[in-house]
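This report goes through a few features of one protein model. Please look at the sequence and the structure before reading on.

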Amino acid sequence: MARIVGAITTSHVPAIGKAMARRLQQDPEWKPFFDGFDPAHRWLDRVKPDVAVVIYNDHGLGMFLDKMPTFAVGAAAEYRNADEGWGLPVVPPFPGDPGFSWHLIESLIADEFDITSCQEMLVDHAFAIPMNLMWPDKQPKPVRSIPVLVNGIQHPLPLPSRCFKFGRALGRAIESYPEDLKVLVVGTGGMSHQLDGKRAGFINKEFDRMCLEKLVDDPQALTRYSIQEIAELAGAQGVEIIMWLIARAALTGHVSKVHSQYRVPVSNTAAGLLVLQNAAAA
Ligand code: DHB
Ligand code: FE
């Protein structure tokens with residue numbers, strides 16, 4: 001059976017992608033941030049996942065405001081990247097796993113989550129940057145991937161309480177797949193940030209630290225916030241933390257923290273990283 005080895009949640013700030021493209025990893029300004037991924041790389045080398053299920057929000061590349069599914073799952077043989085306007089280099093396509101995708105889609109719908117299935121899906125910076133952060137300089141990536149798109153831009157967004165239940169259902173869907181696969185769950189976005197308006201540059205370290213703590217041992221605590229409350233506390237784009245909540249909720253066993261980092265600001269954003277190990281429930 002498929003087994004969830006753990007989760008990695010990380011911000012997906014385009015400036016990180018630019019720094020990687022310019023090979024600034026050793027630059028004094030960027031070194032501490034990129035060094036913060038070393039423990040994640042060591043852990044990935046050890047657990048060697050076969051498949052990454054990547055929960056992310058599209059920013060107007062694969063979907064746009066005219067048509068925005070609340071939850072969608074990719075079911076393609078590969079996922080092409082393109083630049084939606086940040087000037088980032090386009091990266092090679094990410095191989096998929098259509099058989100596993102269709103299992104997830106069927107399981108989620110049987111579990112009352114009427115997601116959109118996407119047999120073609122362009123993936124934006126929110127997908128590509130975390131993949132490059134986890135496996136820098138590895139091409140192709142050593143995993144097949146399955147994008148899980150969650151609406152993070154066109155209100156109304158899904159309730160955090162619904163996201164938690166969706167994550168639980170996604171975990172059940174993954175672990176009911178009969179193939180012996182090691183699966184990594186990834187959540188991208190956050191942490192606190194607001195890109196425009198009067199509060200542009202808004203960061204809330206206290207809220208972010210609370211999230212980093214609760215996501216390890218008590219993720220359900222975050223379901224007491226509404227999307228509006230998260231936007232107030234974490235900035236308009238800070239609502240992307242729901243991707244982290246879904247990823248964490250997918251972990252079904254005993255969860256322990258392998259590593260975390262928190263750096264402010266990276267671009268306009270509080271950049272966070274959390275590596276969680278999932279030991280199968282006894
Ligand atoms: C930034 C952060 C994001 O999450 C994003 O999607 C785009 C830009 C930023 O901080 O610049
Ligand atoms: Fe974003």
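A disulfide is a pair of cysteine sulfur atoms within 2.5 Å. In this predicted model, the number of disulfides by that rule is zero. The sulfur of Cys163 has its closest cysteine sulfur in Cys211, 13 Å away, which is too far for a bond. Cys211 is likewise in no disulfide.

| Residue | Relative accessible area | Class |
|---|---|---|
| Cys163 | 0% | buried |
| Cys211 | 1% | buried |
| His59 | 25% | partly exposed |
| Glu240 | 3% | buried |

Cys163 also takes part in a contact between two helices. Helix 6 (residues 160-175) and helix 9 (residues 241-249) have axes that come within 7 Å and cross at roughly 35°. The crossing is right-handed. On the side of helix 6, the contact residues are Pro160, Cys163, Phe164, Phe166, Gly167, Arg168 and Leu170; helix 9 contributes Ile242, Leu245, Ile246 and Ala249. Of the residues in this contact, nine are nonpolar, one is polar and one is charged.

The other two residues of the table belong to a metal site. Which atoms coordinate the iron ion (ligand 2)? They are NE2 of His12, NE2 of His59 and OE of Glu240, at 2.1 to 2.3 Å. Along the chain, these donors follow the spacing H-x46-H-x180-E. His59 sits in the loop between strand 2 (51-56) and strand 3 (71-74), and Glu240 in the loop between helix 8 (227-234) and helix 9, so this pair ties together parts that are 181 residues apart in sequence.

Terms used:
Residues are numbered from 1 along each chain as its sequence is written. Chains are lettered from A and ligands numbered from 1 in the order in which they are written. This is a predicted model: local features need pLDDT of at least 70, side-chain atom pairs count only at pLDDT 80 or more; totals for chains, interfaces and linings use all residues. Side-chain values use heavy atoms; hydrogens and water are left out. Buried means under 20% relative accessible area, exposed over 50%, partly exposed in between (1.4 Å probe, protein chains only). Axes are lines fitted to C-alpha atoms, for helices over the stretch in contact, and angles run from 0 to 180 degrees between N-to-C directions. Helices (H or I, at least four residues) and strands (E, at least two) are DSSP runs, numbered from the N terminus. A crossing is left-handed if the near helix is turned anticlockwise from the far one by less than a right angle, and right-handed if clockwise. Contact means heavy atoms within 4.5 Å. Ala, Val, Leu, Ile, Met, Phe, Trp, Tyr, Cys and Pro count as nonpolar, Asp, Glu, Lys and Arg as charged, and the others, Gly among them, as polar. Donors are N, O and S atoms within 2.8 Å of the metal (3.2 Å for Na, K and Ca); water is not among the atoms, so sites may look incomplete.
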